[in-house]
Amino acid sequence: MRRGVRLRGVIIRQNADGSKRIYHRKTMTRLPNLPENHSDFLAAWCAAEGSTPKRRALDKSGTLGALVVSYMRSRRYRDLAKGTQDNHRRICSRFMETAGGKARSLPVTGYRRQHIRMDLELFSPHVATNRLKVWRSLMKHAIEIGWITEDSSLGISRPRAPKGGHHTWTLAEVARFRATHPVGSEYRLAFELIFWTACRVSDAVSLGKQSVTQSGWIRFTAKKNNFVVELPLEDGLASWAADMEGDRQDLLDCIQEMPARMAFIARHDGVPRSAKSFSAWFKVACKQAGLADHCTAHGLRKARAARLAEIGATEHQIQAWIGDTSLSEVTRYTRMANRRRVLDGGEQRTKTGTAANPRSTNGG
């Protein structure tokens, strides 16, 4: 190397004691404190230079890549809930990675129904359903901006998922978890929080003391659909929900034993857990309790909905509790609970007020 010629993108910082810190500008990789013509320094610089991402050429108008960029700048995308936006952004990124990244340069006018169907067939029903939703949003946006005249996603039915979906926890499974993890443990607090509120994991990890109102209710906005959920916590329960008083008290006991912090669900150092890491963490708790793999946090949400239906809650009461914008799933729970009450005589006991916890005054 000739004297006076410097390597590209090298940053030198002077410490207070006179020593130097040397970095590669684009990657901010720390380089060895050696002369630039030293073999070790050159090797480190070449490695950092090789890892620098190359600038991608701007997507041409009319391509899938350009459509994704336009869609994410549109009002259609901005009006989505934050959780849905994140999901659409991830799926769009995967669209453009198809075929080694070549898909992003393909013209949108070339996409036909068979192409979208072929894409969906590569995934499980749940993942494919989410991808189909994004395809429909992209195609609608392409029509709005005049790139295409026909929506290729129309006529494609949603992939059928196995009946039943997530497993609904049984009372025996709930009892086993509670017997394994006593009040005062982090696992038990997370369990009772989700079991009582029926919230999704994405919402559960953001709940804390700040979520409890002055009137003693827990209040949050669901990230998936912006549904505002308000549930009794410290305040007393309505007569129709009196049968769930024990569950409410279990959660209050767990909160009482919680260390001094704001977030209900947190790591040992008090930092709130992320939704991404929660499932694996909670799965460990279920295994310790000897529960099958189908026992998941989302199954607790379904268990609460089923419990509400069993005590005679109306469809709209269940919908308000679990924060769901659709009544279709709620209707299924109430239908199942009604059949069960007919078979075990619970319906007549409710009407005559002869049950151990009579619900003849049920206002729901």
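This is a predicted model: local features need pLDDT of at least 70, side-chain atom pairs count only at pLDDT 80 or more; totals for chains, interfaces and linings use all residues.

I started with Arg 89, which counts as partly exposed at 37% relative accessibility.

Next I looked up the partner. Arg 89 meets Asp 86 in a salt bridge, with 3.0 Å from N to O. Both residues sit in helix α4 (residues 82-97), three residues apart, or about one turn of the helix. Asp 86 comes out at 17% relative accessibility, and the cut-off for buried is under 20%, so Asp 86 counts as buried.

Then I went for the whole-structure count: the search gives 14 salt bridges.

I picked Arg 178 and Glu 192 from the set. Their closest N and O atoms are 2.8 Å apart. This pair links distant parts of the chain, with Arg 178 in helix α7 (residues 171-180) and Glu 192 in helix α8 (residues 186-197), 14 residues apart. I checked burial too, and both Arg 178 and Glu 192 are buried.

Where does Arg 261 sit, and where is Glu 186? I found Arg 261 in the loop between α10 (245-256) and α11 (275-288) and Glu 186 in helix α8, 75 residues apart. They form a salt bridge, closest N and O atoms 2.7 Å apart. Arg 261 is buried at 12% relative accessibility, while Glu 186 is partly exposed at 26%.

Key. Residues are numbered from 1 along each chain as its sequence is written. Side-chain values use heavy atoms; hydrogens and water are left out. A salt bridge is a side-chain nitrogen of Lys or Arg within 4 Å of a carboxyl oxygen of Asp or Glu. Helices (H or I, at least four residues) and strands (E, at least two) are DSSP runs, numbered from the N terminus. Buried means under 20% relative accessible area, exposed over 50%, partly exposed in between (1.4 Å probe, protein chains only).
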